[in-house]
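Please keep the model open while reading this note. It goes through the sheets, the helices and a few local details in turn.

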Amino acid sequence: MKVLVTGAGGYIGTVLVPLLLEKGYDVIALDRFFFGRTLEDKGIKVVEDDVRFVEPDILRGVDGVIDLAALSNDPSGELDPIKTWSINYLGRFRIANLSKRMGVRKYVFSSSCSVYGFREDVADESSSTNPLTTYAKANLKGERDILPLTDKNFSVTVFRIATVYGYARTKRMRFDLVINAFVRDFITKNKISIMKDGTQWRPFVHVWDVANALSLALEKDENGEIFNLGSDDQNYQIFDLAVRITKALGKELNYEWYGSPDKRSYRVSFKKIREKFGFVPKYRAEDAAREIADAIVSGELDPNDPRYITVNWYKTLLAKGELI
Ligand SMILES: NC(=O)c1ccc[n+]([C@@H]2O[C@H](COP(=O)([O-])OP(=O)(O)OC[C@H]3O[C@@H](n4cnc5c(N)ncnc54)[C@H](O)[C@@H]3O)[C@@H](O)[C@H]2O)c1
């Protein structure tokens, strides 16, 4: 079975591609490689191109598409909202339509739990949405326009992914994700920055668990469905999460507040993915924290690589005219 992964050079993609290879898939890895050439072309076909412009022929003979390409968080999405819209929504809407036209049978769309925005109760897939940022709005619009492409020959699966964490052990790392950022700050400054006011809820999931769930979607027959991707017991309030990570690292909690109070807060139910996919995450935040800390201390992972804070790197590319 041949699979095209877009955004394959990203944090999730660089974990997913080797996993798909291990499972015996033929992989085409498409990416603009904004963060450098993060994938080697050993055993896969690497295509440096853009979801907005790539020739449809890339989809010839492809059975499944996992569409990850995006400006991948809220702050990056606000740098140039029109560009965000053109990549995250229009670019992936284009790939989904081309996939259907070229006879692909399975299409997987990576959305985000950020479509829930702010809510007091626990959100499941049938809950109302409340996207607060360009990034979240583009994801929701993508879901709404791509899901109806489903028919008996073309199956769309949408994953609303929780906030990811963990050391991918690849050439792409993200220290803009909260758990990874806490660990980096502890190791480099002995003090973490917590976004005000710390009571906001977020669901979390390890990057290896995400890759596993995405690969499972290729094997299931779920048609035209949305799944929250994460686990019920990894919904945390941000201050409590800071306490957990502190304990896991054997540190004293030393922190400062930053930002204005976060308007985003959501707790999410993951019952559907557990029941329909049998998906139960294997990894926990505490284990990932120790792993990231060890990798930084041993020199394996550079905490100051400028590409690892996504929004800052996209600002640099924009200033150089390289994010077109
Ligand atoms: N990491 C998370 O916490 C998280 C949570 C929810 C959803 N997601 C979604 O998962 C997907 C992957 O996220 P990630 O964490 O790996 O982000 P990432 O930024 O590491 O990877 C995104 C990749 O897409 C590529 N890309 C961007 N624009 C492109 C374009 N026009 N054409 C081709 N390639 C392009 C980038 O070069 C990058 O390699 C994204 O859609 C993101 O919104 C991520």
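1. Basis. This is a predicted model, in which local features need pLDDT of at least 70 and side-chain atom pairs count only at pLDDT 80 or more, while totals for chains, interfaces and linings use all residues. Residues are numbered from 1 along each chain as its sequence is written. Helices (H or I, at least four residues) and strands (E, at least two) are DSSP runs, numbered from the N terminus.

2. The seven-stranded sheet. Strands of a sheet pair through backbone hydrogen bonds, either parallel or antiparallel. Here seven strands form an open sheet with parallel pairing, in the order β3-β2-β1-β4-β5-β7-β11; two strands pair if DSSP finds at least two bridges between them. At the edges are β3 (45-48) and β11 (225-229), each pairing on one side only. From one strand to the next, the twist averages 20 degrees. Angles run from 0 to 180 degrees between N-to-C directions, and axes are lines fitted to C-alpha atoms, for helices over the stretch in contact.

3. β7 (residues 155-161) is joined to β11 in the parallel sense by five bridges. In this pairing, Val158 stands opposite Ile226 of β11.

4. α3 (81-101) lies across β1 (2-6), β4 (64-67) and β5, at about 175 degrees to β4. α6 lies across β4, β5, β7 and β11 and runs at about 165 degrees to β7.

5. The three-stranded sheet. A second open sheet, with mixed pairing, has the order β8-β10-β12. β8 (163-165) and β12 (235-237) are at its edges with a single partner strand each, so one side of each has no neighbour in the sheet. Neighbouring strands are turned by 45 degrees against each other on average, direction ignored. β10 (residues 201-206) pairs with β12 in the antiparallel sense over three bridges, and Trp201 stands opposite Gln237 in β12. Helix α6 (residues 207-217) packs on this sheet too, touching β8 and β10, and its direction makes about 75 degrees with that of β10.

6. α1 with α6. Two packed helices are described by the angle between their axes and the distance between the axes. For α1 (residues 13-22) and α6 the angle is about 50 degrees and the axes are 9 Å apart. The two helices are therefore oblique to each other (angles under 35 degrees count as roughly parallel, over 145 as roughly antiparallel, 65 to 115 as roughly perpendicular and the rest as oblique). The crossing is right-handed, meaning that the near helix is turned clockwise from the far one by less than a right angle. Val15, Leu16, Leu19 and Leu20 of α1 make the contact with α6 residues including Val207, Trp208 and Ala211; residues are in contact if their C-beta atoms, placed from the backbone, lie within 7 Å. Ala, Val, Leu, Ile, Met, Phe, Trp, Tyr, Cys and Pro count as nonpolar, Asp, Glu, Lys and Arg as charged, and the others, Gly among them, as polar.

7. α5 with α7. α5 (residues 178-189) and α7 (residues 238-248) pack at about 45 degrees, with axes 11 Å apart, and are therefore oblique. Their crossing is right-handed. Val178, Ile179, Phe182 and Val183 in α5 meet Ile238, Ala242 and Ile245 in α7. The residues of this contact are seven nonpolar, no polar and no charged.

8. α3 with α4. The axes of α3 and α4 (residues 134-146) come within 9 Å and cross at roughly 20 degrees, which makes the helices roughly parallel. The crossing is right-handed. Among the contact residues are Trp85 and Arg92 of α3 and Tyr135 and Asp145 of α4. By class, eight are nonpolar, five polar and three charged.

9. The ligand. Which of the 30 residues around the ligand come nearest? They are Gly7, Gly10, Ala70, Ser72 and Val164; a residue is near if its C-beta atom, placed from the backbone, lies within 6 Å. α3, β5 (106-112) and β8 each supply at least two residues of the shell. The shell has 13 nonpolar, 11 polar and six charged residues.

10. Backbone details. Most residues other than glycine have a negative phi, and most peptide bonds are trans. The bond from Lys196 to Asp197 is cis, with omega near -5 degrees, and Asp197 is in the loop between β9 (192-195) and β10. Arg169 has a positive phi, near 60 degrees, and is placed in the loop between β8 and α5.

Key:
Two residues are in contact if their C-beta atoms, placed from the backbone, lie within 7 Å.
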